[in-house]
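Colleague: Hi! Could you walk me through this one?
Modeller: Happy to, let's bring it up.

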Amino acid sequence: MSTTIITGFHQDADGDWVAELACGHSQHMRHRPPWQSRPWVTSEAGRAAKLGASIECAACQMPELPARASEYKRTATFTEQTVPGGLLRDHRTKPGVWAKIVVEAGRLGYTLESPRRTFMLTPEIPGVVPPTEPHHVEPAGPVRFHVAFLRPDGS
Ligand SMILES: [Zn+2]
């Protein structure tokens, strides 16, 4: 994971607080006791005290899709109960084929093997799979997701 800094906050449509990060990504800072306890996020003073704080940003280490790529196929939507076994074991895309793992709801663990990097995918952080790189996913509770396959334009 790479480190960045909190530069601001805003609320999403559900009223949950979202930290804005110096790297350009954002991260939910939910206070939902007892599961997620961040009482500081509910007060103006608490949020102000976190400005400038260091924070790990998983999105920064995600591979980037080619600037121009077109989706040519996508899977059905899977849940933690219907995810095909093949996605849970290491597998890879064909040469020239990129994949995007799109979480529609919930969270999904995603691991790229070489070098080994693990991510927690959310609707805000899609997983990007470079061509032929071994990877697998691992549901972390209830989740709905699909996988889109893309080819760089002109290939
Ligand atoms: Zn980032």
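Colleague: In which sense do strand E1 and strand E2 pair, and over how many bridges?
Modeller: This is a predicted model, and in it E1 (residues 2-11) and E2 (residues 17-21) pair in the antiparallel sense, over five bridges. Within that pairing, Gly8 stands opposite Glu20 in E2.

Colleague: Nice. In what order do the four strands of that open sheet come?
Modeller: The order is E3-E2-E1-E4, with antiparallel pairing. Strand E3 (26-28) and strand E4 (54-57) stand at the edges with a single partner strand each, so one side of each has no neighbour in the sheet. On average, neighbouring strands are turned by 50° against each other, direction ignored.

Colleague: Switching topic: is Leu150 buried or exposed?
Modeller: Leu150 is buried, because its relative accessible area is 8% and the cut-off for buried is under 20%. Leu150 sits in strand E10 (residues 135-152).

Colleague: And which residues does Leu150 touch, leaving out those up to four places away in sequence?
Modeller: Among them are Leu65, Tyr72, Val97 and Trp98.

Colleague: How far apart are Leu150 and Phe9?
Modeller: They are 141 residues apart in sequence and 33 Å apart in space, C-alpha to C-alpha.

Colleague: What about His135, buried or exposed?
Modeller: His135, also in strand E10, counts as buried at 4% relative accessibility.

Colleague: What does the side chain of His135 reach?
Modeller: The His135 side chain reaches the backbone oxygen of Glu133 at 2.9 Å. Not counting residues up to four places away in sequence, His135 touches several residues, including Arg89, Asp90, Tyr110 and Val129.

Notes: Residues numbered from 1 in each chain as written. Predicted model: local features only at pLDDT ≥ 70, side-chain atom pairs only at ≥ 80, totals over all residues. Heavy atoms only, no water. Pairing = 2+ DSSP bridges. Helix = DSSP H or I, 4+ residues; strand = E, 2+ residues; numbered from the N terminus. Axes fitted to C-alpha atoms, helices over the stretch in contact; angles between N-to-C directions. Buried < 20%, exposed > 50% of the residue type's maximum accessible area, 1.4 Å probe, protein only. Contact = heavy atoms within 4.5 Å. Polar contact = N/O pair within 3.5 Å; in protein donor to acceptor, adjacent residues only side chain to side chain.
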